[in-house]
Amino acid sequence: MTTPTTFFGWVGLLLDQYGSLFLRGTGITLLVSITGTVIGFVIGLLVAIVRTIPASPKDPLWKRILLKLCGILMTVYIEVFRGTPMIVQAMVIYYGASQYMGLRMQPLFAAIFIISINTGAYMAEIVRGGIISVDKGQKEAAHAIGMTHWQSMVHVVLPQAVRNIMPSIGNEFVVNIKDSSVLNVISVSELFFTAKSASGTYLRYFEAFFICACIYLVLTFTVTRLLRLLERKMDGKNTYTILGSQSSADSAITIREEADGNAD
């Protein structure tokens, strides 16, 4: 085999010999980041809903104590996982569980678990901000017609809150794609771990990590564009129809909304 003498020659050689390895690492990176983001969003959603349950002096004592205790525990959870690096969390959870609990987790399971609880801490604050952004009068109106806190959240507040926080959710997903690279410290064969393995054979670190960087860029760029399309889909169409009752001839009027929001 002829040894390449140019940068792109080495890139081609590494792709030829380790292309399947890079693809496998990319797949694991996507699996870990997607699963962790989805589970983290569910965790954050539940935490945010519980933290927004109002405590009234008229409530039973046990309910007020329970809400207070839950609030304290959730605040500690959020502060701890937002205040420490994910790489440290991975080391503490993976090796701590083995050393003190006798629990030997599979690296892939541990990776999903770590990203999920880390993302959940961030999502809890993101969702709480989205809930606060919804006009308080809508929630009060829902309570006025007999809805419980949970019903008003599910049917009135959360649909609007989720749309408001979609950019933040997308940003968290992109961050998870990149931050999954730190999980190589617990031997997860994600993209960064794959690049490190491929570079060691020929000691061509620059070329191997150049390939790695390009793959990360393609992933994040694609995800960002797809999320923007989803946001536009959630916004609905730019045209809508108002049914009139003046006559059968003009029973429908189609109004075009200006994209820039200028008044007529």
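Predicted model: local features only at pLDDT ≥ 70, side-chain atom pairs only at ≥ 80, totals over all residues.
Helix α1 (residues 7-51) and helix α2 (residues 61-82) have axes that come within 10 Å and cross at roughly 140 degrees, which makes α1 oblique to α2. The crossing is left-handed, and the contact is made by Ile43, Val47, Val50 and Arg51 on the side of α1, together with Cys70, Met74, Thr75, Tyr77 and Ile78 on the side of α2. By class, seven of these residues are nonpolar, one is polar and one is charged.

Val32 also lies in helix α1 and, because its relative accessibility is 1%, counts as buried.

| Pair | N to O distance |
|---|---|
| Glu125 and Arg82 | 3.9 Å |
| Arg128 and Glu125 | 3.1 Å |
| Glu207 and Arg204 | 2.8 Å |

The pair of Glu125, in helix α4 (residues 107-133), and Arg82, in helix α2, links distant parts of the chain, 43 residues apart. Arg128 and Glu125, by contrast, are three residues apart in helix α4 and so are separated by about one helical turn. Glu125 is partly exposed at 22% relative accessibility, as is Arg82 at 40% and Arg128 at 29%.

In the remaining tabulated pair, Glu207 counts as buried at 5% relative accessibility, whereas Arg204, at 27%, counts as partly exposed. Salt bridges with shared partners join Arg51, Arg82, Glu125 and Arg128 into one network.

Note on methods:
Residues numbered from 1 in each chain as written. Heavy atoms only, no water. Axes fitted to C-alpha atoms, helices over the stretch in contact; angles between N-to-C directions. Helix = DSSP H or I, 4+ residues; strand = E, 2+ residues; numbered from the N terminus. Parallel < 35°, antiparallel > 145°, perpendicular 65-115°, else oblique. Left-handed = near helix turned anticlockwise from the far one by under 90°. Contact = heavy atoms within 4.5 Å. Nonpolar A, V, L, I, M, F, W, Y, C, P; charged D, E, K, R; others polar. Buried < 20%, exposed > 50% of the residue type's maximum accessible area, 1.4 Å probe, protein only. Salt bridge = Lys/Arg side-chain N within 4 Å of Asp/Glu carboxyl O.
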